[in-house]
Amino acid sequence: MTANPVSVNSTPSLISPEIGFPSTSPANPPLKIGVLASGSGSNFEVIAEAIKKGQLNVQIPVLIYNNPEAKAAARAEKYGIPSILLNHRDCKTREELDTKIVKTFQEYDVEWVVMAGWMRIVTKVLLDAFHDKVINIHPSLLPSFPGIRAVEQALAAKVKITGCTVHIAHLEVDSGPILMQAAVPVLPDDTAETLHARIQVQEHKIMVGAIALIAESHQKHCD
């Protein structure tokens, strides 16, 4: 007898801290976040949709993407958000790319930077310009399994629980203070694809949740 396929939404998860969407005052200016994306832009769209629904007192003045084939640009167009291609292949160094990113974000008065599937290692140029105001999402329960192929690392280690993390980005890859995490069980028959799909469901939740925490703190500062 063959078991029924497991839905990506069917396994329970634990999110900490618990996600809540505090009431926002339209009288306060929205937090301006610049988003960096390299691929499909699914995390970007989740953020944009939460803003549209009034869950976040946040504005996205601009999306920067580094891959000409990235679908994130089309998602930005859908929400009327400007998108700018800064192709890393046109830059001789990582610092040169980050200099262009900083200049663009400053032109759009960006206050916080969100790496939503940004597949480039950032440098001091970006991190110093937005000190402790750059957040990243990673598909593991950091500090476990930093770096590339985190899902494959978890499967190879035969852990029973993995997950995803939103954290303040520091210079060392996938390091910095943790803002929010979601734990995801590893099922006996999981592949990298099935496990990553379930982790991504939780990524979308904690990305919005972490931005909500930041926006709430910003609002209190404005009151």
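Residues are numbered from 1 along each chain as its sequence is written, and side-chain values use heavy atoms, with hydrogens and water left out. Because the model is predicted, local features need pLDDT of at least 70 and side-chain atom pairs count only at pLDDT 80 or more, while totals for chains, interfaces and linings use all residues.

We can start with the overall fold. The chain holds 6 helices and 8 strands, taken as DSSP runs numbered from the N terminus (helices H or I, at least four residues; strands E, at least two). Read from the N terminus, the order of elements is β-β-α-β-α-β-α-β-α-β-α-β-β-α. Of the 223 residues, 46% are buried (buried is under 20% relative accessible area, exposed over 50%, partly exposed in between, with a 1.4 Å probe and protein chains only). Among contacts with a separation of 6 or more, 67% join residues 24 or more positions apart, a contact being heavy atoms within 4.5 Å.

Next comes the largest pocket, which holds about 920 Å³ of space. On a 1 Å grid over the protein atoms alone, a pocket is an open set of points where a 1.4 Å probe fits, with protein on both sides within 12 Å along at least five of seven lines, and lining residues have an atom within 4 Å of a point. Grid points are joined across faces, edges and corners, and the volume is the space filled by probe spheres set on the points. The lining counts 37 residues, with W118, M119, I137, H138 and P139 nearest the centre of the pocket. Two or more lining residues come from each of α1 (42-52), β6 (134-138), α5 (150-157) and α6 (192-222), and α6 gives the largest share, 4 residues. By class, the lining has 15 nonpolar, 15 polar and 7 charged residues (Ala, Val, Leu, Ile, Met, Phe, Trp, Tyr, Cys and Pro are nonpolar, Asp, Glu, Lys and Arg charged, and the others, Gly among them, polar).

Helix α6 also contains M207, which counts as buried because its relative accessibility is 0%. Leaving aside residues up to four places away in sequence, M207 touches N43, I47, V114, M115, A116, I135, I137 and V166. The C-alpha atoms of M207 and A116 are 8.3 Å apart, although 91 residues separate them in sequence. In α1, the buried residues include N43 and I47, and this helix is followed by G54, with a positive phi near 80°.

One aromatic pair is found: the count is 1, with ring centres of Phe, Tyr and Trp (its six-membered ring) required to lie within 6.5 Å (planes under 30 degrees apart are stacked, over 60 edge-to-face, the rest tilted). The rings of F105 and F130 have centres 6.2 Å apart and planes at 85°, so they are edge-to-face. F105 sits in α3 (residues 94-107) and F130 in the loop between α4 (124-129) and β6, 25 residues apart; both F105 and F130 are buried.

Finally, the backbone has two cis peptide bonds to point out: S16 to P17, with omega near -5°, and L142 to P143, with omega near 15°.
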